[in-house]
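Trainee: Could we go through this one together? I would like to start with how the chains meet and then turn to confidence.

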Amino acid sequence: MSRVADVLVIGAGIVGAACARALAERGLSVHVIDARRGGATASGMGHLVVMDDNPAELELSRLSLEAWRRWGADMQRDGASGCDYMQCGTLWVAQDDAEMAAAEDKRERLQTHGIACELLGSEALAAREPLLRAGLAGALRVPGDAIVYAPNAAGWLLRDSNLPITQEHARVRRIEDRAVELEDGSTRRAGAVVLAAGMHSAELCPDLPLRPKKGQLAITDRYPGALHHQVVELGYVTSAHNHEGTSVAFNVQPRPTGQLLIGSSREFDNVRPEVDAALLARMLRRALRYAPALAQLQVLRTWTGIRPASPDGLPLIGAHPTRDGLWLAVGHEGLGVTTAPATAELLAALMAGDTLSFDPAPVAPGRFARGHRA
Amino acid sequence: MTAFPEKLALWIDQVPVAVARGTSVAAALAQRPPGVARVSVRGEERAPLCGMGICHECRVTIDGRRMLACQTVCEDGMDIRTGLAETTEAGP
């Protein structure tokens, strides 16, 4: 049976779309199959943020933010306004002196890696974001961070007519040897298969160590000018890295329309799509601690999503440890939109045998295999 | 005789409107056909639809605060601004 393309990509979320584009830019023909079930790309905030909890995450996000700035310019050139790329920057807010010390550490770490940022004192923070309550200790401002509407950005990545990318809407039933079987029983063959289906990847490849981490979001009516930066509490990192239990953190984003996206929550092993009202209340109360004025705003909608989390919080990028011809770009948890560009570059370089932009060992899928030695 | 006036006087986009006590703001909007409440991001005019606080199509600014017209009962002297009149959106 003939090949449908050089590479089959399963999943047209932001990671699958970025991988397809990176491979196509290397001259490979790519066929993307997506079941249109939706995933973290469609339900998340689309915050493009440099994270520095470990060197690999910092490198992935730093390189990705550089790529997003180029993509942001390209989207504007293409008139892809629905992508809503906006370099609003991030404010990491400190409640007290201890958190301000953490902000100072973060500033040093980011600047060491060439990432522009500045500390704001209490008054400077209040002047920048009057929505926040008075008396916060200050903030670290990272002006290069941005936001994007990820579902449209994923569509834009696949739409370039100069690239050899084809798309098909179908559900994959099984991954075979350099081929996939679809629900209708038909088969698509290729030189290689890339699995980038987020949490759904575990259904096709049960040995993947992925665990669902549910999140909830609320969006308000339009209040243009009410907020300028994406504002996140410094304690977010603690919340985001808990391995058990349910946690909330203050995280609010100004949409280009003037709407505010309010998060965030993390809950393990709950894949039910319903909003949990008690947890939503806890999340909004957390937000009111930082921005009491939010209580005057009208919330329009609430929804949930599932982050695909790996045991160490880093994605799995590279060859499947045992299945020849199968490549993985999964397990990005809440950072898939941010790190899609560097994920795709790394995966494409690994597949093509090109020079790598950074050490792939911390994200190598084989690191979780039994008896694996780093 | 009741001590209450039969009609309440309020303003919709700075135009005086008289309504019976107990009227919802959504019903007050309907006195000015087609009863536009807001304008969408893409510039489409929107009016109350579900009437039960779910669809959020009827959001207006009342005395400076964004509210749902269908879930709000008219009060004397209310300053109601629809999306048609809002040159600057209400702050928080």
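Trainee: How many residues of chain B are in contact with chain A, and how many of chain A with chain B?
Mentor: Bearing in mind that this is a predicted model, 16 residues of chain B are in contact with 15 residues of chain A.

Trainee: And what area is buried between chain B and chain A?
Mentor: The buried area comes to about 1200 Å², and carbon and sulfur atoms give 48% of that.

Trainee: OK, how many salt bridges and polar contacts are there between chain B and chain A?
Mentor: There are two salt bridges between the chains, and one of the residue pairs joined in this way is A:D221 with B:R59, where the closest N and O atoms lie 2.7 Å apart. For polar contacts, the count between chain B and chain A is seven residue pairs, both residues being at pLDDT 80 or more.

Trainee: Which strands of chain B each supply at least two residues to the side that touches chain A?
Mentor: Those are β3 (38–39) and β6 (65–68) of chain B, and β6(B) gives the largest share of that side, with four residues. Sorted by class, the side of chain B that touches chain A holds eight nonpolar, three polar and five charged residues.

Trainee: Switching to confidence, what does chain B average in pLDDT?
Mentor: Chain B averages 89, with 87% of the residues scoring at least 70. Over residues 87–92 of chain B, however, the pLDDT is below 50, although this stretch has 14 contacts in the model beyond near neighbours in sequence.

Trainee: What ipTM and pTM does the model score?
Mentor: The ipTM is 0.80 and the pTM is 0.92.

Note on methods:
Residues numbered from 1 in each chain as written. Chains lettered and ligands numbered in written order. Predicted model: local features only at pLDDT ≥ 70, side-chain atom pairs only at ≥ 80, totals over all residues. Heavy atoms only, no water. Contact = heavy atoms within 4.5 Å. Buried area = accessible area lost by both parts, 1.4 Å probe. Salt bridge = Lys/Arg side-chain N within 4 Å of Asp/Glu carboxyl O. Polar contact = N/O pair within 3.5 Å; in protein donor to acceptor, adjacent residues only side chain to side chain. Nonpolar A, V, L, I, M, F, W, Y, C, P; charged D, E, K, R; others polar. pLDDT = per-residue confidence, 0-100.
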